[in-house]
Amino acid sequence: MNIVVALVVAVLLSFAISALLGTKMVPWLHKLKFGQTILDIGPNWHKQKQGTPTMGGLMFIISTIVTFLIVVLIDALTGHDIVGTNVTSELIGATATAGAAKAKIWGGLIMAFGFGLIGFADDYIKIKKKQNEGLTVLQKTVLQLILCAAYIATLALSKNTYMYLPLHHSYWDYGNLFWFCIITFIIMYATVNAVNFTDGIDGLCGSVTITAAIAFCVMAIFHHVLGASILAAALAGALGGYLIWNWHPAKCFMGDTGSMFLGGMMVALAYALDCPLILLLTGIIYVIEGASDVIQIAYFKVTKKIAQRKDPNATGKRLFKMAPIHHSFELSGWSEEKICIVFSIVNLLGGVASCLIFYFGDK
């Protein structure tokens with residue numbers, strides 16, 4: 001199938017499936033009373049969102065996977081293998097095989113779905129208990145660790161244990177399997193949880209991730225990883241359809257079901273391009289959101305420890321009004337729509353920078 005036709009079909013089909021799913025799913029979630037419980041520590045005006053259906057991420061999860069499978073099937077019926085298409089590089093000592101390319105894309109998609117299942121379990125427990133606490137931190141961490149280990153094993157067994165450095169047009173070997181495992185786990189765990197932090201107001205995570213998906217689609221074309229470009233296009237279209245239901249005022253939330261799937265997808269696309277570090281630019285808003293939360297906690301603990309030297313009952317200080325940082329902008333008077341637009345523009349600029357790096361790096 002012609003790549004342009006495949007991309008157009010992927011975007012339009014996934015958009016339509018996701019948008020149409022909302023017409024059935026939102027009323028269904030209402031009927032099941034799968035409503036979100038709002039934390040008291042958030043902005044007080046968020047209380048009016050109490051009961052808004054969650055798990056809406058199922059819309060774009062189903063749409064992304066179904067669309068990708070349909071496009072791949074159509075391509076296969078025309079005698080092609082779009083998923084097995086990958087860049088050839090003498091720099092890693094051999095031609096990148098179709099099998100290695102398939103392992104990254106199919107393995108990445110399954111991994112993202114697995115993260116979505118962890119999020120689903122978390123959301124389901126919250127709904128059943130009618131509170132905002134689902135899986136414990138330990139339970140969630142253990143499940144994420146197991147999933148990360150399975151994906152890392154997939155990459156290792158398929159010999160995808162190198163990193164592409166586009167500006168140097170070279171591949172970097174991690175040195176040994178140990179460091180590959182450690183670095184990959186850190187990248188996976190940090191990315192999935194940073195994307196989760198970004199899901200805090202109507203439309204934010206969805207709109208930011210659309211810009212990242214578009215950037216990955218373009219980079220994949222530059223890098224000749226066509227299967228990843230189709231997967232990214234399907235994700236972008238699916239999120240567009242979902243935003244019809246999630247834009248402020250939201251008729252549903254994606255829940256951890258959706259945000260953890262999106263985190264897994266960002267990891268999958270980055271590793272499909274052999275360049276996980278590009279997430280620092282392509283997902284710059286995720287970096288800012290995750291860092292703001294870590295900085296806030298660290299600053300509070302340090303200032304508390306210092307203050308308690310003089311007064312044992314003293315508490316710590318907060319650097320931001322609230323973390324993750326999108327809540328700080330909310331408390332400063334920004335509307336949810338303004339935050340979504342500005343954050344998406346910032347992430348889009350990061351995506352443009354990423355594309356330029358890949359375009360000139362692959363020359």
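Trainee: Which residues lie nearest the centre of the second largest pocket, and how many line it?

Mentor: The lining has 20 residues, and those nearest the centre are Ala190, Thr191, Ala194, Tyr286 and Gly290. A pocket here comes from a 1 Å grid over the protein atoms alone, as an open set of points with protein on both sides within 12 Å along at least five of seven lines, and a lining residue has an atom within 4 Å of a point. Before we go on, note that this is a predicted model, in which local features need pLDDT of at least 70 and side-chain atom pairs count only at pLDDT 80 or more, while totals for chains, interfaces and linings use all residues. Residues are numbered from 1 along each chain as its sequence is written, and side-chain values use heavy atoms, with hydrogens and water left out.

Trainee: How much space lies in it, and how do its lining residues divide into nonpolar, polar and charged?

Mentor: About 480 Å³ lies in the second largest pocket, where a volume is the space filled by probe spheres set on the grid points, which are joined across faces, edges and corners. Its lining divides into 15 nonpolar residues, four polar and one charged; Ala, Val, Leu, Ile, Met, Phe, Trp, Tyr, Cys and Pro count as nonpolar, Asp, Glu, Lys and Arg as charged, and the others, Gly among them, as polar.

Trainee: And cavities, how many are there of 30 Å³ or more?

Mentor: The count is two cavities of 30 Å³ or more, a cavity being a set of points where a 1.4 Å probe fits but cannot get out. The second largest cavity holds about 30 Å³ of space and is lined by Lys104, Leu155, Asn160, Tyr162, Phe180, Tyr271 and Asp274, which divide into four nonpolar, one polar and two charged.

Trainee: Stepping back, what pLDDT does the chain average?

Mentor: The chain averages a pLDDT of 90, and 90% of the residues score at least 70, pLDDT being the predictor's confidence in each residue, from 0 to 100. Over residues 88–95, however, the pLDDT is below 50, and beyond near neighbours in sequence this stretch has nine contacts in the model, contact meaning heavy atoms within 4.5 Å. Where pLDDT is low, the predicted coordinates should not be read in detail.

Trainee: How many helices and strands does the chain have?

Mentor: There are twelve helices and two strands, running α-α-α-α-β-β-α-α-α-α-α-α-α-α from the N terminus on. The radius of gyration of the chain is 21 Å, close to the 21 Å that the globule rule gives for 363 residues, so the chain is as compact as a globular protein of that length. That radius is taken over C-alpha atoms, and the rule is 2.2 Å times the number of residues to the power 0.38.

Trainee: What share of the residues is buried?

Mentor: Buried residues make up 52% of the 363 in the chain; buried means under 20% relative accessible area, exposed over 50%, and partly exposed in between, with a 1.4 Å probe and protein chains only.

Trainee: What about phi at Met55 and His224, positive or negative?

Mentor: Met55, although not a glycine, has a positive phi of about 70°, and His224, also not a glycine, has a positive phi of about 65°. Met55 lies in the loop between helix H1 (3–31) and helix H2 (57–77) and counts as buried at 1% relative accessibility. His224 lies in the loop between helix H6 (204–222) and H7, and is partly exposed at 48%.

Trainee: Last one: where is Ser328 found, and is it buried or exposed?

Mentor: Ser328 is in helix H11 (residues 325–331) and is buried, with a relative accessible area of 11%. Leaving aside neighbours within four places in sequence, Ser328 is in contact with Phe320, Lys321 and Met322.

Methods
Helix = DSSP H or I, 4+ residues; strand = E, 2+ residues; numbered from the N terminus.
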